[in-house]
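The paragraphs below take helix pairs in turn and then a pocket.

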Amino acid sequence: MIITTPFYTRLAQILISIICLVYIAIIGQTLLAPLIFALLFSLLLLPSCVFLEHRLRLPRALSSLFSLLALIVAIAGVFFLLGSQLTALAQDWPAFKQQVLDTTVDLQKWIEVTFHVDSEEQMNYINDSASKAVNTGTSILGHTILSVSSVLLFLVFTFLYTFFILLHRRLLLRFLVSVFDQEHSIVVYDIVNQIQYIVKKYIFGLFLQMLLVTGLTCIAFWVLGVKYGFLLGLITGILNLIPYIGILTALILSSLITFATAGTSQLFFVAIAIVVIHLIDSNYIMPKIVGSKVKINTLVALIGLVLGEMIWGITGMFLSIPIIAIFKVIFDRVNGLNPWGMLLGEDDSDPKSKPAIREVVEDEHNRGRDTGM
């Protein structure tokens, strides 16, 4: 006997489940955030582990360790490039201060002429703001040091989780299969394989996208003669991993650094170059390389970014799209959750097709006619 649950009961269950998941995510950020990053890294490193184990006959512990060391070296190389470029940029700090001072004087004159506020009142307001900033400087410095130590601790736990996930991956898979009934084992294996495939292709696609955007930006800045073009290109490529928001942040940072090192003459060309590269990325690189791996519509992606930032900050923004992709794989293959998978996916309907409401009504009418009702 099949018991049909009323719609309002199912809706209440869904809402309560979502609230519980969000609450668990908020209070468990310290554990869950590095664990999810470790899961993504382990899926990315899984092919190299399999190669080392089957081709080179290495034990699983060594294959996991070597794969993880390769990942650490790659991440350390990116940080080393950023650090070396930032060290060189620090040498232009006096020029940056002078540029800001000159611009401040011009801005004060413009405010005095436009709004009739004399320079003395402006300086009093600036001095009051500066004194407040000095009073809170110690706390800001403390928070900064705490943030750096938190990032290092986050990376350490992420790498440790990655190693142990790779080491005990068969045990984890057997656990997932044994949780469900034996008749669902094929579906569980299919979900695991699809998640592994999609996440691996998605991360690899993001890496290619970062390389292409970094290369295009470096070439554009080199042609324009922008100082620290490699640094700005690398920053643009990394921030571009955050959809919609990252490219705007890269534009602001590039404009500030260009303003500090070259004045206002190159600001317009830098902004035009970044906008053109973003158009190329959003209309060709992203759909061809990354979008073909993860079929998620832009509305859900934007909502996921906002929710990720609300729950976990910048970490949540990086993880939102892979997590949505994993949920879509699960929803598409579990009976009763298929409509949610359809909601997360792209709209592949023909723009010239009939309206959606009319199409649904006609489908219901045809279904009732076929059943004789």
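Contact here means heavy atoms within 4.5 Å. Helices (H or I, at least four residues) are DSSP runs, numbered from the N terminus. The model is a predicted one, in which local features need pLDDT of at least 70 and side-chain atom pairs count only at pLDDT 80 or more, while totals for chains, interfaces and linings use all residues. Residues are numbered from 1 along each chain as its sequence is written, and side-chain values use heavy atoms, with hydrogens and water left out.

Start with helix 2, where Ala33, Ile36, Phe37 and Leu40 meet Thr315, Phe318, Leu319, Pro322 and Ile323 of helix 13. The residues of this contact divide into 8 nonpolar, 1 polar and no charged. In this count Ala, Val, Leu, Ile, Met, Phe, Trp, Tyr, Cys and Pro are nonpolar, Asp, Glu, Lys and Arg are charged, and the others, Gly among them, are polar.

Two packed helices are described by the angle between their axes and the distance between the axes. Axes are lines fitted to C-alpha atoms, for helices over the stretch in contact, and angles run from 0 to 180 degrees between N-to-C directions. The axes of helix 2 and helix 13 come within 11 Å and cross at roughly 50 degrees. Angles under 35 degrees count as roughly parallel, over 145 as roughly antiparallel, 65 to 115 as roughly perpendicular and the rest as oblique. Helix 2 and helix 13 are therefore oblique to each other.

Helix 2 also meets helix 8: Leu40, Leu43, Leu44, Leu46 and Pro47 touch Ile195, Gln196, Val199, Lys200 and Ile203. Here the contact holds 8 nonpolar residues, 1 polar and 1 charged. The two axes come within 9 Å and cross at roughly 90 degrees, so helix 2 and helix 8 are roughly perpendicular.

How do helix 8 and helix 9 cross? Their axes come within 8 Å, at roughly 150 degrees, which makes helix 8 roughly antiparallel to helix 9.

Finally, turn to the second largest pocket, with about 2000 Å³ of space. Of its 48 lining residues, the closest to its centre are Phe37, Phe41, Ile75, Leu241 and Phe318. A pocket is an open set of points on a 1 Å grid over the protein atoms alone where a 1.4 Å probe fits, with protein on both sides within 12 Å along at least five of seven lines; lining residues have an atom within 4 Å of a point. The volume is the space filled by probe spheres set on the points, which are joined across faces, edges and corners. Helix 6 gives the largest share of the lining, 10 residues. The lining comprises 40 nonpolar residues, 8 polar and no charged.

Methods. Helices (H or I, at least four residues) and strands (E, at least two) are DSSP runs, numbered from the N terminus.
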